Amino acid sequence: MALLQVKTENGIVEGLPAGNQSVSIFKGIPFAKPPVGDLRWKAPQPAEDWDGVLLCHQFAPIPMQARFASEGGGNTLAAQEFYVIDFPMSEDCLYLNVWTPAKSDSEKLPVAVYIHGGGMETGYSYLNAYDGEAFAKRGVIMVTIAYRLGIFGFMAHPDLAAEDPHHSTGNYAIMDQVAALAWIHRNIAAFGGDPENVTIFGQSAGGMSVQNLCGTPLANGLYQHAIMQSGGGLSKGGPLDEFSLEKAYECSGKYLAYAGIDSPVNARNRDAKELIDLFVEFKGDKGYSGMFQPCVDGYVHPLPMAEYFMKGMQPDIDYMIGCTRDEMRRFGAPAPAYEQIRATAEDAYGEKAAQFLEAVHADDPKICARYFEDPIGSNMLSGDLAWCENQLILGRKPAYEYYFTYVPPGAKAMGAHHSVEHHYVFQTLVRSKRPYTGFDFDLSNKLCDYWTNFCKTGNPNGDGEETWAPFTKEHPEALIIDGPCHMGKVAREPQIAFHVDYTLNRL
């Protein structure tokens, strides 16, 4: 029988048998003090000890966030398959969940730590598509973590920097993730895990979070493998770049002015729900998007991440990276007006903007349109390719790249869309309303094998298998996830090729 009581550094926790009764699940273990009151907009502090046995039988409240528009009902994909319940939320949200198959604390099993997505503003660690049982039955302990979101995780202000011992501000969410990894490093052995064999992985904002953890020295030594899904990679000048500190101050300042707050230091007693509601009003009134995200603060992120990675300052470990073909594609969407394309290109690429405009045929709306159906997805794919190429430039281990092109049943209108891999990797197909077939269940088995093999050894292939080759100079290929999976080159359309070359300073 798997462990049901575990002694952590803060006290004893009790879990329950999971749906697969050979696995135990511990829900809602605190890894830091509640970031409330005087701790709002401060670095996470160590969790407090408790007496007796802490019953970890129920998930903790989700982080403060704007409710998903269709949460609890509706016909959208997210409503049906991800955000299906209106869970309680609280600023007191720094908890993690553990699925373990270990029967003793001496097994030293590999550990996978998953970071949820949601645009840095929404999401939580137990979305309907997530589950750790499939990993656990393959001998991998799964941990999912929470972190502060939006205005609570990324507020940047000079007054907050002034009171911080490291003069840091704007990256509280990334500090939360580091604190969770540090807690796991210190405590996972008690759950039967190996603190020296930890894989961090995440999708969308979770993939970007993995990128951020690779881009901060604060997390060095806390993980040995990393997977970035539909987010992260190596990008410069794209829409997913981190903010400069000045940009973070500007964005936070606009919200604070709207909320009538002169300094966040003086707003720690303001009601959290009120602040979220004001943010929803502000975004709707002003039309701002992507207001809060990581920034180059000089401490958590000492350098812009593209520079950090090209200097080889990230850990020299095993990496898997990939995205889907149709991430957020708007099929048939027209190209923006030429002047809009030009202004965006000049802002992103400076003196190289003319080369971008030529590459995408910006002066021909019919040709140009195909390059602007999915600008976010284009940035993700180019970031993946640049990451793989940079590994080779640095003389590091080649990365494993994937490209998910399979369109599952019921998804014809969206294609191989953003988040399509969740149910396959976590083996939660039965939680979806889609009419999956035997092929889908076989594909799910294969992908879960790949992910867990990577967590164990840094190589997604099983014993004697060589299906998935790494991205090398001689064979710059990805695993094409379709029917069946196979190795192949990813087509580099002009905007992809331009962005890879621009990022790697080859123009």
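In which loop does His 361 lie? Select it and you'll find the loop between helix H11 (353-359) and helix H12 (365-368); helices here are DSSP runs of H or I, at least four residues, numbered from the N terminus. A word on the ground rules: this is a predicted model, where local features need pLDDT of at least 70, side-chain atom pairs count only at pLDDT 80 or more, and totals for chains, interfaces and linings use all residues. Residues are numbered from 1 along each chain as its sequence is written, and side-chain values use heavy atoms, with hydrogens and water left out.

Stay on His 361: at 35% relative accessibility it counts as partly exposed, between buried (under 20%) and exposed (over 50%), using a 1.4 Å probe and protein chains only. Show Ile 367, Cys 368 and Tyr 371 too, since His 361 touches them, not counting residues up to four places away in sequence; contact means heavy atoms within 4.5 Å.

Next, pick Val 143 and Tyr 255, which have the most contacts inside the largest nonpolar core, a set of 100 residues. Such a core joins buried Ala, Val, Leu, Ile, Met, Phe, Trp, Tyr and Cys residues through side-chain atoms within 4.5 Å. Colour helix H5 (residues 172-187) as well: H5 gives the most to this core, with eleven residues.

Last stop: select helix H7 (residues 245-259) and helix H8 (residues 272-286), whose axes are 10 Å apart. Among the residues making the contact are Tyr 255 and Tyr 258 of H7 and Phe 279 and Phe 282 of H8.

Conventions. Helix = DSSP H or I, 4+ residues; strand = E, 2+ residues; numbered from the N terminus. Axes fitted to C-alpha atoms, helices over the stretch in contact; angles between N-to-C directions.
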